[in-house]
Each structure stands twice: as C-alpha cells, then as structure tokens.
Amino acid sequence: TVFKLKYDADKFSSFSIENIRAQIKGAKLLDPRTGAVAATATANPALQVRAWLTNTRFGGGVPATEMDDAEMSASANISDELVNVKAAGTRARYATHAAFLADRQPGVVLEEWRRSVAGTLTYAEWKYALRVGAWRPPHLSLGDSDIVGGLAVTANLGRAALANGIRGEFTETTHWQPTNYPAVQPAAYLTADGNIALWKNIDFPFVTDAEQAQQLALIELRRLRQQKRMVLDVKMKGYELVPGDTFLFTHTRFAGRETWVDKTFFVERVVLAS
C-alpha cells in the first residue's frame, strides 16, 4: 500500500505520518491447488507465504518454478481444516493476517509466518515450502547400520531453557493492537517443576484469533517439554529427510541404558556433512 500526499500548510501543519490509518484488504493470490487466482482475499498462510516468496517487487523474488507446490497445497489444505471453537462454531486451523513494512528483514517476516502455523520453512531439492504444524507419518526408518559417525544425545536442556508456561501477544481486531492471549500453563508441567512458574514469552503478531494463538502456544510448549535431542551422522539415506519430517530410529548400543526400537523423532535440521 502506497500513500501519495500533496502538502498543504493549513491542513498538515501538525501532521505526522504515524497518524495515517487505513483498513487494508489482502491481495487475491494464486492458489496452486487450482492453478488460478482466487476471487477473494485469503487468510491461508501457505498461499500468503508462496505469494510473498515469489513477489518480485516487495517479496523474495523466487521463481515460481522453485516452489514446492505439492507441499504448499498440502499445507493450504491443512490450514483450511475446520476446528471447533470453544464458544460455538468452527474456524480454520491456521489463518494469518500479516501486515508489515516492505523494508523488514525477510528472515524476520518468514519467522513470524512460520511461528503462526507451528511449522517449518524448508528448501529441499531446489524448492521452497512452508510445512504447517500437523502430524506426518514417519518418512523412513533408521538404525545402527545407518550410522557412519557419532551419535550425541542431550537428555535435559537445563532449567534456563525450560518453561512450563507460555504467554504473549496476538493482534486483536477491534483496534488492531497487540493484546495478551490466554496464557498456557498445564498443571502437570507446573507440578513436575516443583510448582515453580517458568514462563516463556512468544508473540504471534500475524494471528488475530485468541484461540489460535493459545493453540500455537500449547504446541510450542509441548515441543519444548520434549527435551531429548539427538545429533546423528548417517549415510546418504538420511538426506531424504527435511525439517518437519518424522522418522523411526532403532538403537541398541546404549550400555546399561534404554534400547530404542522404532522411536519416533522429529527433524529440526538437516546438514550435509563435509
């Protein structure tokens, strides 16, 4: 959105650019599920991210051929799924109403979109995709025979990185201002930490529904409470995985400790070892 103003000393004697207010409707975006531009604006985050990434004027300028439209379509479908609202009725599982200045850092903008869908942004096989938060069946199975390097396991992240409650802000639509969403602090987590409140602040500026913000906070908290992390050096078979995938892992080399048989892990990061 661009404002073009003609200066008038009488009208603008005490004018400030911060005083401009406008009600802005979203753009009509290409939907890879249909191959056509939608007739109306959409709050679907997968379509929004795709449009921003490919926009050559104020977005990422990524060629459309580098979009993983199969994955983007899957994420768009998951986002459109209807979930129940506590009071009554339903809402889309994920919806975003993003507004930001064109000079914002692309990485910051994409991170806010990613956080708004509890998802991951991936670049695999020369294609970009937004993978929204949803259960995905394990992509493959790995075991001892697939390990070619080390295996490092962190069982406890430490209290400094731990939380038993999440609170923060979303964008309330009456005045379009940051507002606190209902904080999340399950009693079981608080009890497990000796009834010592450990809060983490997470804001969702692209989210305008308090229940969606609360849902996202709970997903983030549940992920955080899964403290066990593993760094695994494996054969090229492991390169089939991308962030957001899950896989099964069987390991029997722990001396005097538990044995993992088809234990499910979530992929946070994949790098090609030198």
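Predicted model: local features only at pLDDT ≥ 70, side-chain atom pairs only at ≥ 80, totals over all residues.
A nonpolar patch on the surface is formed by Met236, Tyr239, Val270 and Leu272, whose accessible area together is about 420 Å².

## Overall architecture

The protein chain contains five helices and 15 strands. Its C-alpha trace spans about 80 × 50 × 40 Å along the principal axes. Of the 274 residues, 34% are buried. When contacts between residues at least 6 apart in sequence are considered, 63% join residues at least 24 apart.

The protein chain exposes about 16800 Å², and carbon and sulfur atoms supply 53% of that area. There are 32 positive and 29 negative charges, and their mean positions are 2 Å apart.

## A salt-bridge network around arginine 131

The count of salt bridges comes to 13. Glu71, Arg131, Arg136 and Asp245 are linked in a network of such bridges.

Glutamate 71 is buried at 15% relative accessible area, and arginine 131 is buried at 8%. Arginine 131 also meets aspartate 245 in a salt bridge, at 2.9 Å from N to O. Aspartate 245 lies in the loop between β13 and β14 and arginine 131 in strand β6, so this pair ties together parts that are 114 residues apart in sequence. Aspartate 245 is buried, as is arginine 131.

## The aspartate 31 and arginine 33 pair

Another salt bridge joins the side chains of aspartate 31 and arginine 33, with an N to O distance of 2.9 Å. Aspartate 31 counts as buried because its relative accessibility is 10%. Arginine 33 is partly exposed, with a relative accessible area of 30%.

## Arginine 115

Arginine 115 belongs to helix α3 (residues 106–116). With a relative accessible area of 19%, arginine 115 is buried, since the cut-off for buried is under 20%. Leaving aside residues up to four places away in sequence, arginine 115 touches Ile202, Asp203, Phe204, Pro205 and Leu216. Arginine 115 and arginine 136 are 21 residues apart in sequence, and their C-alpha atoms are 18 Å apart in space. Arginine 136 is one of the residues in the salt-bridge network described above.

Terms used
Residues numbered from 1 in each chain as written. Heavy atoms only, no water. Helix = DSSP H or I, 4+ residues; strand = E, 2+ residues; numbered from the N terminus. Buried < 20%, exposed > 50% of the residue type's maximum accessible area, 1.4 Å probe, protein only. Contact = heavy atoms within 4.5 Å. Areas by Shrake-Rupley, 256 points an atom, 1.4 Å probe, with all protein chains shown as cover. Lys, Arg positive; Asp, Glu negative; His and termini not counted. Charge placed at Lys NZ, Arg CZ, Asp CG, Glu CD. Patch = residues over 30% accessible without salt bridge, like charges linked within 9 Å, V, L, I, M, F, W, Y side chains within 5 Å. Salt bridge = Lys/Arg side-chain N within 4 Å of Asp/Glu carboxyl O.
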